[in-house]
Amino acid sequence: MVTKRKIAYIDLTKKEVKVRDIPYEMRRLYLGGRGLDMYLLYNHVDRGVDPLSPDNVLLVSAGLLVGTPLASGRTHIGGKSPLTGIVGSANMGGFFAPELRMAGFDHLVIKGRAEKPTYLWIHDGMIEFMDASHLWGKDTFETQEIIRKDHGDPDIKSMVIGPAGENLVRFANVITGHKNAGGRTGMGCLMGSKRLKAIAAKGTIDIELKYPDEYMEYAYELNKRMANSRWGKASGKWGTMVIWNYTNTWGGVRVRNFQANQLHNAELLEPQNIDKWSIGVAGCYGCVVHCRHRYVYSDPKYGTFYDEGPEYTSLGAFGAEVGCNRMEYVLIGNHLVNKLGLDTLETGSMIAWAIELYEKGIIDDRVTGGLKLEWGNPDLVFQLVEMIAYRKGLGNILADGPRPAIEKFGPESAYYCIQIKGMSNLHSDERPTPSLALNIATATRGSDHLRSRPAVDLYGLPEEVLEQIYETTGLVSTWASYQGKAKMVTWQEKLYAVVDSLGICKYHTVFISATAPKWEEWCKLIYYATGWEFTKQELMEIGERIYNIERMFLVREGLSRKDDYLPERYYKEPTPTGLPIAKGRYIDRAEFDKMLDEYYDLHGWDRNGIPKPETLKRLGLDQEPSHKL
Amino acid sequence: MQKILVIDPERCTGCRLCEVVCSLYHEKTINPYRSRIKVVKWESVGVYVPMVCQHCESPVCEAVCPMNAIQRDPNTGAMVINYDRCIGCKMCVLSCPLGGVNVDPKTRKVIKCDLCGGNPQCVRFCETKAVDFLEPTVANLAKRRTAIEKYSEIVRKLPL
């Protein structure tokens, strides 16, 4: 049964492995994946632990429905973030999680630090410590291929770090396949600090379902629905890049760090430019949407290479944000960060910020080591990417992420750094959209759209439709309003917490598609997979519990209301361009405060953002840490 | 007219849903190693090819089977294993030039595609139709059409 999958506690220092069952009561409270990982994080990492010390844990997991005939290939990776010092949590597609599950494990809790470079080899219930000396220094693609050759098995799936993770770049990511990245919060840095180069898995153990026929037929129905939805079709053709076009049209992207919210003359950057290099689309495990391109890029200067993507984020990171408004540069930049193991979003943000600081005279040639930082210079951008990955010169400062870099660049630089809780914002501009602004301000892993973004708000749906989706009242149709937005954000928090715990992709629930599967469908899927009955209310409560234990981790590290605010520029600089609804907009601080109050009230947190004792009791969190796993 | 399985690697996104549903349908469990179809991948260059028994017109498996255990299903045209006769000698596995016959690692039985009795589940779940089930006439025409489309694309790009 899927429910028989184990949890393994792996001590890299002592080279010891302990394997346990995952008790039903813990599944009932957290399902699996991100949910259980967040419980483990709160229970295994004490307050004040240095994220790079052996006491931090690296959590790797497959959610409850991973491996089933849906878009269910998501791997969750957790730990205390080396970038932010709070919740570290990253989620990646591809094929690793199903392989881990077929090898017998749903959760790995990895502690300590290996004496020398190591990788874990997990196969059919076995976990072995392998020497990774020959892999150290290799890029993410080479590493995966060498592991396959070493074992003589092309079917092995690995999650690996590149040079950036080895060099402890605070926003290094974890890669499986070509572009599936556990990108945010520096989980690659955490692996690097443990001298863990890779986790390789190969499994041949059945994933048994309680009612296989029923599950298969229901999955067929849901897959059909997703594949035929407008969102499914659009993203199947252009990938997440399609969102960039839409967002740029009304004025919600970021240009040159934070200087404009719309890119004019974007023709050469727009998604359709990928056609020239695309050789087809690619899907993650079991996914009918297939939201990325496979492309072969070739030119005399940068050579010929194969890669996948790019995503919305990379159009910002290597396009509009740094003033290089051509698809070519995005394809090259995307390839570089995938190969070196860097988070595309954070990398692009750090570079764009540095260029603006140089432009404004806040940093000069002494800080940059003579580099002339300027917009629209792709070679400079690619050079900086390498310098970050190998911690050279200015790259060494940028590699530490926003907050330590502010220390080095001086207090004046802070105003221009678009970050929250130590993590850079998505390359979107949330000034015209209070709901999205509240989402990034309150997200538990630092500025993050994937924790609670109510993207449906952008469609301007009629109020009664919105209220039906969000199952509440008092919502308004326009996204320019502050009214009722806190309700949408808290609803999305629960939804995303549950979908991440099931191991299903967010694009297969109400994120961008308003009609995608959600609570009711999941209750049925869980029942067919396990025989366990959950009500919709119970699933919502699980989502709330997960979000609250994440918040408890933040509170324990000293965070509160003061940390739930936007970068200053959101309040002070009105948007310079865009459609009438998006132009001249900024976040009103008083209105934002009211929204924050409403948000805390909805959560049962006090006005300082601390969960109230009765809230924790209601969610069964009052005894945490309970050390049950 | 009996239909044939038509594989088009260019349409394959590599998602492996076909493997998942094949094992679910036949073995009531999920295990790509117990699936009759397999997406063979060259991940570092992005090439994906679904491989499955093609139910050959002159099947080697049938010819080499010492027990006459592999025979054509007159209704579907599928080459099907009769497990009452099969002794598991694996001659078919050894001789199939496409790797269309495999050994189930759990039961150690020889397994191969049986077209799911005429409604192949891989085809049913594959949204891009990288695996399709067509009458030969339709399949032939589709191939020609695609070929011409490609040709015209190339011609249009020529600096004439």
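The centres of domain 2 of chain A and domain 3 of chain A, taken over C-alpha atoms, are 27 Å apart. By an automatic or database domain assignment, chain A holds domain 1 (2-202), domain 2 (240-424) and domain 3 (434-618). This is a predicted model: local features need pLDDT of at least 70, side-chain atom pairs count only at pLDDT 80 or more, and totals for chains, interfaces and linings use all residues. Residues are numbered from 1 along each chain as its sequence is written, with chains lettered from A and ligands numbered from 1 in the order in which they are written.

**Domain 2 and domain 3 of chain A**
- The contact (C-beta atoms, placed from the backbone, within 7 Å) takes 19 residues from domain 2 of chain A and 21 residues from domain 3 of chain A.
- On the domain 2 side, strand 16 (419-420) and strand 17 (423-424) of chain A each give two or more residues; strands (E, at least two residues) and helices (H or I, at least four) are DSSP runs, numbered from the N terminus.

**Chain A and chain B**
- Chain A brings 30 residues to the contact and chain B brings 22 residues.
- Helix 7 of chain A gives the most to the chain A side, with five residues.

**Nonpolar core**
- The largest nonpolar core has 233 residues, and A:Val174, A:Ala200, A:Leu342, A:Ala354, B:Cys18 and B:Val21 touch the most other members.
- Such a core is a set of buried Ala, Val, Leu, Ile, Met, Phe, Trp, Tyr and Cys residues joined through C-beta atoms within 7 Å, buried meaning that 20 or more other C-beta atoms lie within 10 Å of the residue's own.
- B:Cys18 touches B:Ile37, B:Val39, B:Pro50, B:Cys122, B:Phe125, B:Cys126 and B:Val131, leaving aside residues up to four places away in sequence.

How values were computed:
Contact = placed C-beta atoms within 7 Å. Buried ≥ 20, exposed ≤ 12 C-beta atoms within 10 Å, placed from the backbone.
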